[in-house]
Amino acid sequence: MARGLMRLYERIDAVPALSAEERQLIDSVRLLARERVMPRAAAHDRSGEFPWDNVRDINGLGLNQMFVPEAYGGAPLSYAAYLACVRELSQACAATGIIWATNFHAVAPVIDHGSEEQKHRLLPRIAAGGLAALAITEPEAGSDATHMTTRFTAEGDDIIVSGGKTFITNGDVADLILVFGKWTGSADRRQAISALIVEKDRPGLRVLRREDKMGHRASSTVALAFEDCVVPRANLLAGPGAGLPLLLAALNKSRPSIAAHALGIARAAFEDALAYVNERRQSGRLIIEFQGIQFLLADLAAELALCERWLWHVAGLVDTGAADFGPEASILKLRASDLAMRMTTEAVQLFGGYGYIKDNRVERLMRDAKITQIWEGTNQIHRRIIGRSLIARA
Ligand SMILES: Cc1cc2nc3c(=O)[nH]c(=O)nc-3n(C[C@H](O)[C@H](O)[C@H](O)COP(=O)(O)OP(=O)(O)OC[C@H]3O[C@@H](n4cnc5c(N)ncnc54)[C@H](O)[C@@H]3O)c2cc1C
């Protein structure tokens, strides 16, 4: 790795206030990511098979425990430490990174808003290595989730779930799925939004389809049908009136993790591109000696440094319990994902024709980067969130 880049990384990585125990764990995750996850990434991308080998290795480190409180089988660490792990895994294999990060996205609302009984019953299996999924999107409700039509109907001690969700990461492999829907009988489309946990193998829960995707080919993205799926009322996390605030809070907490994932992809592309331009010669010179190439690399390095610094700024807000960090999280998600797309596209360009060939990782990274601009709120939606936060209100 170029000395300048190494120094940049070292100084930025020193920013978050991590404990010695956290730094040790991140080192173990980095080792696992580089020695086991990264070498398998191309094969998983080609086959599209779910990377159970990586999940097993991640669970070998007990990594889910870091976001589950001790009382429910976890060994909690800071949000900054979690983001650092997401970035390491995603740099090695973006599909594996998002599979692991999604566990947190789905269970954070249970940790923050679940009852004691729910936490004692549901969280230990995630702490022990279970997978989780977060189901919001529907065929007719993407950017505007308030148009979802999945229904929750109370029936004695149960809730009957009917409807369908689309594009659900981990949806076919998850032990727990956090599902958002509308409470039957509540007329207001925002107020009606509620949330409950559907456990694996519930009768009436069916996987309709696994999507064939451009990137993240090994992570599974599925369409789910809920055909009068009976869920114990004890699994209700948020009833009418409480579901939408919970959904928005959940997204605020998962978006920085999407940014950490995008930055992992960006780092991988930058490292490959720098290695290549430092060894490839044309016209008797190393490619990096052309000033036009240096200017491009300088712009990319500047953007990477600033995005990563902002990552730790937002992590600090979460770790210190800031109440409202939505616009900051949106700024981070927007810029990190745009950088991942730009970085990977430029990396392919810097490799010339070789960048277009599957033997080189940058080809995969460019395909993996695109979704980061789309999921967890498209970047248009994030511009909207940031813009609206700037309107002066009386
Ligand atoms: C691989 C993959 C994994 C996913 N994982 C999950 C998951 O685990 N759980 C889950 O719930 N969802 C998941 N999603 C869904 C994802 O979050 C949505 O695709 C995304 O929110 C966009 O919704 P949509 O696809 O319906 O696009 P639409 O909302 O139909 O948007 C289409 C276009 O219109 C633009 N647009 C829409 N509204 C506005 C507006 N107000 N102003 C300006 N432009 C606008 C959008 O930016 C976009 O460019 C996943 C999707 C994919 C592809």
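I took helices (H or I, at least four residues) and strands (E, at least two) as DSSP runs, numbered from the N terminus. The model is predicted, so I note that local features need pLDDT of at least 70 and side-chain atom pairs count only at pLDDT 80 or more, while totals for chains, interfaces and linings use all residues. Residues are numbered from 1 along each chain as its sequence is written, and side-chain values use heavy atoms, with hydrogens and water left out.

**Entry 1: Lys 119**

I found Lys 119 in helix H6, residues 116-127. Is Lys 119 buried or exposed? Lys 119 is buried, where buried means under 20% relative accessible area, exposed over 50% and partly exposed in between (1.4 Å probe, protein chains only). I looked for a salt bridge, that is, a side-chain nitrogen of Lys or Arg within 4 Å of a carboxyl oxygen of Asp or Glu. Lys 119 has none, and Glu 116, its nearest side chain of opposite charge, is 4.2 Å away. For charge, Lys and Arg count as positive and Asp and Glu as negative; His and the chain ends are not counted. I did find a polar atom of the Lys 119 side chain 3.0 Å from the backbone oxygen of Ile 111. I also listed contacts (heavy atoms within 4.5 Å). Beyond neighbours within four places in sequence, Lys 119 contacts Tyr 72, Val 110, Ile 111, Gly 114 and Pro 124.

**Entry 2: salt bridges**

How many salt bridges does a search of the whole structure find? The search finds 27. I looked up Arg 87 and Asp 13, whose side chains meet in one at 3.1 Å, N to O. Arg 87 lies in helix H4 (residues 79-92) and Asp 13 in helix H1 (residues 3-13), so the pair ties together parts 74 residues apart in sequence. Arg 87 is buried, with a relative accessible area of 2%; Asp 13 is buried too, at 18%. Asp 13, Arg 87, Arg 267 and Glu 308 are linked in a network of salt bridges.

I then checked Arg 364 and Asp 368, which form a salt bridge with the closest N and O atoms 3.7 Å apart. Both are buried. They are four residues apart in helix H10 (residues 361-370), so about one helical turn separates them.

**Entry 3: nonpolar core**

A nonpolar core is a set of buried Ala, Val, Leu, Ile, Met, Phe, Trp, Tyr and Cys residues joined through side-chain atoms within 4.5 Å. The largest has 109 residues. Helix H7 (residues 243-277) gives the most to this core, with 18 residues.

Technical notes
Polar contact = N/O pair within 3.5 Å; in protein donor to acceptor, adjacent residues only side chain to side chain.
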